[in-house]
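Hello,

Here is the structure for your files. Please look it over first; my notes follow below.

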Amino acid sequence: MKDSTRYNRQIILPEIGENGQYKLSKAKVLIIGAGGLGAAVLPYLAAAGVGEIGIVDDDVIEVSNLQRQVIYKTSAVGNYKVEQAKAMVSELNPLVKVNAIAEKLSGKNAIALFEQYDIVVDATDNLSIKYLINDACVVTNKQM
């Protein structure tokens, strides 16, 4: 297995093993929202070795984000969250492919985006977007 030393602590778990780690490396996860929830889940998915991660968010980093969205740095204020999140993942685990999508999720792009991934993570704080995510998951038969 490629880079088994990196994932050794997972591979030795009987619930994961080499087969489970292989499945993780082939998984594609789409995270909607790179704020507080997305910033919390992203490093763990990357460290676990999820093969491809998409991050959808059209927001930029503000100083007020820094105390709860700890993957961002003061020097990144004003930059797109998805671009900074992608850079963080690349530093944490260069084996993970990251797609930074600096767009707002909408009825125009949701289906096409969801079709490219296996699992969708709702890391939003907007009720109408939550409904859109649910509807798009139903249409594309994706797990949320």
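Start with helix H2. Helix H1 (8-11) and helix H3 (36-48) are among the elements that cover the buried residues of H2. Contact here means heavy atoms within 4.5 Å. Helices are DSSP runs of H or I with at least four residues, strands are runs of E with at least two, and both are numbered from the N terminus.

The model is predicted: local features need pLDDT of at least 70, side-chain atom pairs need pLDDT 80 or more, and totals for chains, interfaces and linings use all residues. Numbering runs from 1 along each chain as its sequence is written, and side-chain values use heavy atoms, without hydrogens or water.

H2 spans residues 17-26, with Gly17, Gly20 and Gln21 buried. Buried means under 20% relative accessible area, exposed over 50%, and partly exposed in between (1.4 Å probe, protein chains only). The three cover an arc of only 100° around the axis, so they sit on the same side of H2. That arc is taken from the directions between the helix axis and the C-beta atoms. Asn19, Lys23 and Lys26 are exposed on the other side of H2.

Now the whole protein. It has 6 helices and 4 strands. Their order along the sequence is α-α-β-α-β-α-β-α-β-α. Of its 144 residues, 42% count as buried. Among contacts with a separation of 6 or more, 60% join residues 24 or more positions apart. The C-alpha atoms fill a box of roughly 40 × 40 × 20 Å along the principal axes.

Best wishes
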